[in-house]
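Dear colleague,

Please find below the structure that I am handing over to you. My notes on selected strands and helices follow it.

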Amino acid sequence: MADAEGNIDAKNYGIGVETNNEGFFLKGSGNLDWGVKARLSRIFNPKSGNTVMLAFDHGYIMGPTSGLERMDLSIVPLIEYADCIMCTRGSLRSVVPPTCNKPVALRFSAGSTILTELNNECLAGIEDAIKLDASALAPMVAIGDPNFEALTIKNLAKCVDYTAQYGIPTLGVTAVGKNLVRDARYLGLATRVCAENGATFVKTYYCEEGFEKVVAGCPVPIVIAGGKKLPEKDALELAYKAISSGARGVDMGRNIFQSENPVAMIKAVKAVVHEGMKPDEAFELYRSEVNK
Ligand code: 5RP
């Protein structure tokens, strides 16, 4: 209990020193609650404003994907280099050391696999996400899917309600259906729909033509997935072009964990994302890390 008498007089009021009324560093996030901003500040580096998220949630639809057969061997050594990890609650509990001290973007919807129909998904339970100390909830949103568009937008809306209730950001993950083209028109629509429905940030794909319009038309930060494995130099170029066009980071999986040298690759990707390193230089960095 505080003492009532004999206390030192309070006098350091900083009279004349302006209080810090700086806005928040991420686009469209200025009016969010403190807890949402605090979690976003763990995912995105407040200095660069960007993030390298390491995605290894592929098994939830694809089973033991190449590079993810033994995540304890392939993924755990990479975690220290990531700003954030994106995974399922199954892999989190079974493989990821709780001591890793990294923010988790939790894959938060599931329901079907590549063997049947993708995107027929329901949400996991919010209590479990809280128990797992999730820094973001990540539902799949299948815009344009004739069967599951409405269902997945409802899932997104429910996550946004959780964001409002519990302060955990929602990462809208735009799915690409078999019949949908990854062009600026589609990606612009899909990311905007996620943002309009309240997603705190959105994961989508890069497109060569008009990606800057996709970013400009989305009022919240965009991170890009890496997609199928490319040669390392091409993947670094993809990351560079996305960041140069306004993406705030990558949520990259296969181009890191399927690389010949995943540690070297994630270090090179980080240099591109946080330092704006050009692809040629980043590839040199990759090569020098390989030869260490
Ligand atoms: C898998 C996903 C992945 O998280 C996402 O596609 C990023 O991984 P990659 O860079 O390998 O595309 O949503 O379901």
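The model is a predicted one, in which local features need pLDDT of at least 70, side-chain atom pairs count only at pLDDT 80 or more, and totals for chains, interfaces and linings use all residues. Residues are numbered from 1 along each chain as its sequence is written, and side-chain values use heavy atoms, with hydrogens and water left out.

Strands (E, at least two residues) and helices (H or I, at least four) are DSSP runs numbered from the N terminus. β3 pairs in the parallel sense with strand β2 (residues 84-87) over 3 bridges; pairing requires that DSSP finds at least two bridges between two strands. C87 stands opposite L106 in β3. Between β2 and β3 the chain passes through helix α5 (residues 89-94), a β-α-β crossover that is right-handed (with the strands pointing away from the viewer, the path from the first strand over the helix to the second runs clockwise). β3 also pairs in the parallel sense with strand β6 (residues 136-138), over 3 bridges, and A136 in β6 is the bridge partner of A105.

**Strand β8 and its partners**

Strand β8 (residues 171-174) is covered on both faces: L171 and V173 on one side, and G172 and T174 on the other, are all buried. Strand β7 (residues 140-141) runs parallel to β8 and is joined to it by 2 bridges, with M140 opposite V173. Together with helix α7 (residues 149-166), β7 and β8 make a right-handed β-α-β unit. β8 is also joined by 3 bridges to strand β9 (residues 201-204), again in parallel, and G172 stands opposite V202 in β9.

**Helices α12 and α13**

The axes of helix α12 (residues 262-275) and helix α13 (residues 279-290) come within 8 Å and cross at roughly 150°; axes are lines fitted to C-alpha atoms, for helices over the stretch in contact, and angles run from 0 to 180 degrees between N-to-C directions. The two helices are therefore roughly antiparallel to each other (an angle over 145 degrees). Residues of α12 in contact (heavy atoms within 4.5 Å) with α13 include A264, M265 and K267, and those they meet in α13 include L285 and Y286.

Yours sincerely

Conventions:
Buried means under 20% relative accessible area, exposed over 50%, partly exposed in between (1.4 Å probe, protein chains only). Angles under 35 degrees count as roughly parallel, over 145 as roughly antiparallel, 65 to 115 as roughly perpendicular and the rest as oblique.
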